[in-house]
Amino acid sequence: MIQPLAYIHPQARIADNVVIEPFVTIHKDVEIGEGTWVGSNSVIMDGARIGKNCRIFPGAVVSAPPQDLKYKGEPSTVTIGDNTVIRECVTLNRGTALDKNTTTIGSNCLLMAYVHVAHDCVVGDNVIIANSVQLAGHINVYDYAFIGGTSAVHQFVEIGAHSMISGGSLVRKDVPPYTKAGREPLSYIGINSVGLRRRGFSAESINEIQEIYRIIFLKKYNVTKALDIIEAEFNPTVERDEIVNFVQNSQRGIMKGFGI
């Protein structure tokens, strides 16, 4: 259902069963999948690739040009997976040729009102980003992460899978998977045990994750020494290897343990 008061460029590719409310503007180079709803006063700009059964609320701007002085108008995209909800006044900027040339939002995500996702970010599946969170460029947010409201995330930061960041945080360092982060400066405050249980992690896996992070954050080892101990004392598992690989590959360095 397309309201007559909406403007849709004739070359935009709109699937069946898409609902487009009045005063929506949809530009030329746009694809929208089946069953998606686009609320009034939303603007879908060139380069938008929107999946199936998404909900885009009033005032959202999808695939605006990046706020990057190096951007020279080259074609680029924003890709949104299936079943993702984009709430009121969210802004999603497309990528740049100097990096990924796309900004990606996964499937089954919830981006609450006034979230900003800048150019060349990658947001995984099942991610929740609460109200007024601001993501700078080149950020990776992995599956099932949760970012609390009004947090600001520095460019090039990595936020690990199943992690949880407290509202109002300034995120300048990488946040490893399975952790909870809070306080100022941002610090380790435990593992996301409630979230892990909800997602079917065994008690054995949760205990192992907790013991690994005690070595990294609470034993006052440097990172290299902590990883050596973990690899020597813990058998390889998916969770152990994910933590070790994340910490080893961190470019900005990981957040600190509380009190360190």
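Select glutamate 88 first: with a relative accessible area of 26%, this residue is partly exposed (buried means under 20% relative accessible area, exposed over 50%, partly exposed in between, with a 1.4 Å probe and protein chains only). The model is predicted: local features need pLDDT of at least 70, side-chain atom pairs count only at pLDDT 80 or more, and totals for chains, interfaces and linings use all residues. Residues are numbered from 1 along each chain as its sequence is written, and side-chain values use heavy atoms, with hydrogens and water left out.

Glutamate 88 and arginine 87 form a salt bridge, with the closest N and O atoms 2.9 Å apart (a side-chain nitrogen of Lys or Arg within 4 Å of a carboxyl oxygen of Asp or Glu). Arginine 87 is partly exposed at 29% relative accessibility.

Go to arginine 49. Which residue does arginine 49 pair with in a salt bridge? Pick aspartate 29: the closest N and O atoms are 2.9 Å apart. This pair links distant parts of the chain, 20 residues apart: arginine 49 lies in strand 8 (residues 48–50), aspartate 29 in the loop between strand 4 (25–26) and strand 5 (30–32). Strands here are DSSP runs (E, at least two residues), numbered from the N terminus. Aspartate 29 is partly exposed, at 28% relative accessibility.

Now select aspartate 241 and arginine 240. Their side chains meet in a salt bridge, 2.8 Å from N to O. Is arginine 240 buried or exposed? Arginine 240 is buried, at 8% relative accessible area. Aspartate 241 is partly exposed, at 27%.

Last, select Arg13, Asp29, Glu31 and Arg49 together. Salt bridges that share partners join these residues into one network. The model's count comes to 10 salt bridges.

Methods:
Helix = DSSP H or I, 4+ residues; strand = E, 2+ residues; numbered from the N terminus.
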